[in-house]
Each structure stands twice: as structure tokens, then as C-alpha cells.
Amino acid sequence: MEELLKLDHVSTAFRSRSGLVKAVCDVNFTVAPGQIVGLVGETGCGKSVLGQTILRLLPPGVEQSGRILFQGKDLMTMSEEEIRAVRGKKIAYINQNPTEALNPVLKIGTQLLESLRVCGGLRGGEARRQALEILASLSFDDPEEIMNKYPMELSGGMKQRALTAMAMCGKPPFLIADEPTKGLDALIRGQVIESLEKFVDFTGCSGLIITHDLKFARAMCDTLALMYAGEIVECGPAKKLFSMPKHPYLSALLASMPQNGMHVLKGSSCSLIDMPEGCRFADRCPYADGECRARHPEMRSVGEDRMVRCRRYD
Ligand SMILES: Nc1ncnc2c1ncn2[C@@H]1O[C@H](COP(=O)(O)OP(=O)(O)OP(=O)(O)O)[C@@H](O)[C@H]1O
Ligand SMILES: [Mg+2]
């Protein structure tokens with residue numbers, strides 16, 4: 001498979017008073033041009049840390065290993081200057097807090113024109129036309145009016161869309177969106193999903209969508225990577241994972257969806273500091289036996305396009 005992004009044995013850990021927090025453990029996956037991968041899993045499993053690891057947004061002192069190849073170059077070993085040129089221009093990042101990401105003292109138009117200048121090299125009338133076109137493509141009724149507004153004058157969903165507009169300016173080949181629908185009501189959530197779909201159409205980009213919203217992941221992504229306690233436990237084509245889950249954790253997550261009866265998964269994830277020796281999901285798994293608790297399962301290929309980390313598929 002031709003690949004745009006390749007994560008090769010990527011691990012990230014934070015030092016804390018109680019020990020090393022192993023937030024991302026030996027993650028491997030690839031994203032092909034045009035492919036949208038959904039990274040799903042419950043809160044605290046390491047999704048955001050993985051996204052921030054890719055863009056090197058974590059504070060200094062974090063322990064990191066592995067390779068992150070983007071267009072063949074390792075993002076991990078790039079100079080600070082090189083990685084800055086990648087952020088925004090080659091890999092757009094939409095985080096879950098648009099209020100933090102937008103500059104409160106500049107009008108939306110000013111921020112958009114600046115992004116078009118920095119990321120797309122556009123100026124003057126050409127930049128303005130492009131800004132209006134991007135805003136219109138994101139279903140803003142009156143793009144001219146939005147250009148003249150300050151972020152505080154916009155609703156939450158509008159801010160999220162303005163941020164999406166900003167990220168679209170450089171037509172980046174890759175997008176990382178972290179929980180773009182978190183905390184939004186159904187109507188605004190629909191608008192944000194639509195704007196991300198427009199983003200993908202407009203830029204033709206590939207992407208990594210981080211979410212714990214399975215319904216959203218299913219609508220947006222070709223491929224899903226399911227994370228549990230810092231590691232990927234299942235990945236493959238989204239449709240197949242939904243119709244025939246293999247890892248017991250995925251089966252449990254699907255059973256917890258409203259349309260499947262909302263059967264809540266009991267218990268909680270293991271600590272990221274004191275990991276069990278065997279399978280990390282064993283304490284919550286209906287199939288776990290002594291062997292599962294004794295030996296950490298490897299990721300195995302199941303069929304031609306799926307991988308799962310469960311002893312039942314060894
Ligand atoms: N800067 C940091 N310093 C120390 N620990 C951190 C830091 N950032 C994250 N962690 C820890 O890493 C683990 C994974 O966190 P992360 O934010 O990636 O979870 P998540 O899967 O994105 O959860 P959510 O769905 O709630 O956003 C958590 O235990 C968190 O406390
Ligand atoms: Mg997160």
C-alpha cells in the first residue's frame with residue numbers, strides 16, 4: 001500500500017510522581033493518500049496524546065520512541081523549524097476547543113486572510129475571494145458578515161466551522177481532528193460533520209479523526225483503529241468492524257450504542273502506570289482465562305485487511 005503517514009512502533013510516556021504514564025504503547029498503522037482513519041476508544045486511552053505525538057505538540061521531557069514517517073520523512077527527528085513548516089501547511093490540526101484555537105482580538109476575516117497568506121501564499125483580492133469561497137462551502141449564509149465578526153460573536157458550532165475554514169486555507173494533504181463533535185448538540189454536531197466532509201472534498205486530504213463517537217466515526221472514516229489502554233487492539237475497514245467486531249472490547253462498545261440497547265460496559269480501564277502482564281482488557285472481558293492474564297497478546301492479521309489483539313485469534 002502506498003502510504004502518506006506511517007507510524008512505526010510509536011510510544012509516548014509521561015513521567016509522574018507515581019511512575020511512568022504509558023499513554024501510547026507501540027502503535028503501528030499507516031494512512032494511504034485519500035484515506036480517512038478514525039481513532040476510537042474510551043476516555044483516557046491515549047487518543048489525543050497520539051495525535052499530539054504526531055505533530056510534536058507535547059511538552060519537552062516526554063519520553064517518545066518509534067518513527068512517524070510523513071511523505072517519507074520522520075517527523076520525530078525533524079528540526080523544530082522543519083516541524084513548524086509541516087504544522088498547518090501539510091498537516092492541519094483541529095482541536096476540540098475552538099475558543100482556545102482562535103485569536104479573540106482579531107476578526108475572523110483577518111485570521112482567514114493571514115492563514116491564506118502563510119499557508120497558501122495568497123494575497124489581496126485573490127485571498128479574499130478564496131476566503132469567501134471557503135466560508136460559503138462551510139454553509140455560512142453570509143460569508144461577508146462572518147469575515148467582520150470577532151470569535152466571541154459566534155456560536156460554538158460557528159467557531160468550530162471557522163476553525164475548519166482556517167485549517168482549509170493551505171489545502172493541507174493531511175488533517176488531524178481531535179474530538180471535533182465533543183459536547184455539541186445534535187444540530188451543531190451535524191453541521192460540524194458536514195463541514196469536515198466538505199474539508200475532505202475541498203482539499204482531497206487524508207486524515208486521522210480522533211473521537212469516541214462511534215456513529216460519527218462510522219459516517220466519516222474508511223478505516224477504524226480501536227485503542228484500549230494505550231495500544232491499538234483492532235483495526236480494519238470501518239464497515240467490517242461494525243458488522244463483525246472481533247475484539248471483545250469492540251463488541252462491548254457496539255453493544256453500548258443506543259441503537260444496540262445501550263448495554264454499558266462495566267468496570268474501568270487498567271492504570272497506564274501499572275499495566276497488567278497479560279491482556280489489558282482481561283478484567284472486563286467475558287472470555288478471559290488464565291492464559292489471557294498471563295501473556296500479553298500480539299496484534300495478529302485476521303483475513304487480508306484486519307488486525308486484532310486477542311488470544312482467541314492467535
Ligand atoms: N501532558 C501530560 N502529562 C501527563 N500525563 C498526560 C498528559 N497528557 C495526557 N496525559 C495522560 O495520558 C493518558 C491519555 O490521555 P489522552 O488525553 O490521550 O486520552 P484520550 O483518549 O484523548 O481521552 P479523551 O477521550 O477523554 O479525550 C491519560 O491518562 C492522561 O492523564
Ligand atoms: Mg482526547
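# Ligand shell, pockets and cavities in a predicted model

By class, the shell of residues around ligand 1 is made up of five nonpolar, five polar and four charged residues. The structure is a predicted model, and every value below was computed from it.

**Around ligand 1**

- Ligand 1 is surrounded by 14 residues, and the closest of these are Thr43, Gly44, Lys47, Ser48 and Val49.
- Helix 1, which covers residues 47-54, gives the most to this shell, with three residues.
- Backbone atoms come up to oxygen atoms of the ligand in several places: a backbone N or O atom of Gly44 lies 2.8 Å from an oxygen atom of ligand 1, and a backbone N or O atom of Val49 lies 2.9 Å from an oxygen atom of ligand 1.
- A polar backbone atom of Cys45 is likewise found 3.2 Å from an oxygen atom of ligand 1.
- Taken on its own, ligand 1 has 640 Å² of accessible area, and the protein covers 66% of that area.

**The largest pocket**

- The largest pocket has a volume of about 630 Å³, and its lining consists of 25 residues, with Gly88, Tyr93, Ala101, Ser115 and Met166 lying nearest its centre.
- Two or more lining residues come from each of helix 2 (80-86), strand 6 (91-94), helix 4 (108-120) and helix 7 (156-168), and helix 4 gives the most, with five residues.
- Sorted by class, the lining of the largest pocket holds 15 nonpolar, six polar and four charged residues.

**The second largest pocket**

- The second largest pocket holds about 470 Å³ of space, and among the 24 residues that line this pocket, Asn28, Phe29, Thr30, Cys235 and Met307 are the closest to its centre.
- Strands supply at least two residues each to the lining of the second largest pocket, namely strand 1 (5-16), strand 2 (19-31), strand 9 (223-228), strand 10 (231-237) and strand 12 (306-308).
- The lining of the second largest pocket divides by class into 11 nonpolar, five polar and eight charged residues.

**Enclosed cavities**

- Rolling a probe the size of a water molecule over the atoms shows where empty space is left.
- When the whole structure is searched, two cavities of 30 Å³ or more are found.
- The largest cavity contains about 90 Å³ of space, and 13 residues line the largest cavity, with Cys279, Cys285, Cys292, Cys310 and Arg311 nearest its centre.
- Nine of the residues lining the largest cavity are nonpolar, one is polar and three are charged.
- The second largest cavity contains about 30 Å³ of space, and its lining is formed by Tyr228, Glu231, Val233, His247, Cys279, Arg280, Phe281, Pro297 and Arg309.
- By class, the lining of the second largest cavity comprises five nonpolar, one polar and three charged residues.

- His247, one of the residues lining the second largest cavity, sits in the loop between helix 10 (238-243) and helix 11 (248-255).
- His247 counts as buried because its relative accessibility is 2%, which is under the 20% limit for that label.
- The side chain of His247 reaches the backbone nitrogen of Tyr249 at a distance of 3.0 Å.
- Asp201 lies in helix 8, which covers residues 186-203, and Asp201 counts as exposed because its relative accessible area is 67%, where the label requires over 50%.
- Asp201 and Gly120 are 81 residues apart along the chain, and their C-alpha atoms are separated by 17 Å.

**Two residues with a positive phi**

- Most residues other than glycine have a negative phi.
- Arg56, although it is not a glycine, has a positive phi of about 55 degrees, and Arg56 is found in the loop between helix 1 and strand 4 (63-70).
- With a relative accessibility of 19%, Arg56 counts as buried, since buried means under 20%.
- Ser139 is not a glycine either, yet Ser139 has a positive phi of about 65 degrees, and the residue is found in the loop between helix 5 (124-137) and helix 6 (143-147).
- Ser139 is partly exposed, with a relative accessible area of 36%, because that label covers values between the 20% limit for buried and the 50% limit for exposed.

Technical notes. Residues are numbered from 1 along each chain as its sequence is written. Chains are lettered from A and ligands numbered from 1 in the order in which they are written. This is a predicted model: local features need pLDDT of at least 70, side-chain atom pairs count only at pLDDT 80 or more; totals for chains, interfaces and linings use all residues. Side-chain values use heavy atoms; hydrogens and water are left out. A residue is near a molecule or strand if one of its heavy atoms lies within 4 Å of it. A polar contact is a pair of N or O atoms within 3.5 Å; within protein, one must be able to donate a hydrogen and the other to accept it, and residues adjacent in sequence count only if both atoms are side-chain atoms. Accessible areas come from the Shrake-Rupley method with a 1.4 Å probe; for residues, only the protein chains shown count as cover. Helices (H or I, at least four residues) and strands (E, at least two) are DSSP runs, numbered from the N terminus. Ala, Val, Leu, Ile, Met, Phe, Trp, Tyr, Cys and Pro count as nonpolar, Asp, Glu, Lys and Arg as charged, and the others, Gly among them, as polar. On a 1 Å grid over the protein atoms alone, a cavity is a set of points where a 1.4 Å probe fits but cannot get out, and a pocket is an open set with protein on both sides within 12 Å along at least five of seven lines; lining residues have an atom within 4 Å of a point. Grid points are joined across faces, edges and corners, and a volume is the space filled by probe spheres set on the points. Buried means under 20% relative accessible area, exposed over 50%, partly exposed in between (1.4 Å probe, protein chains only).
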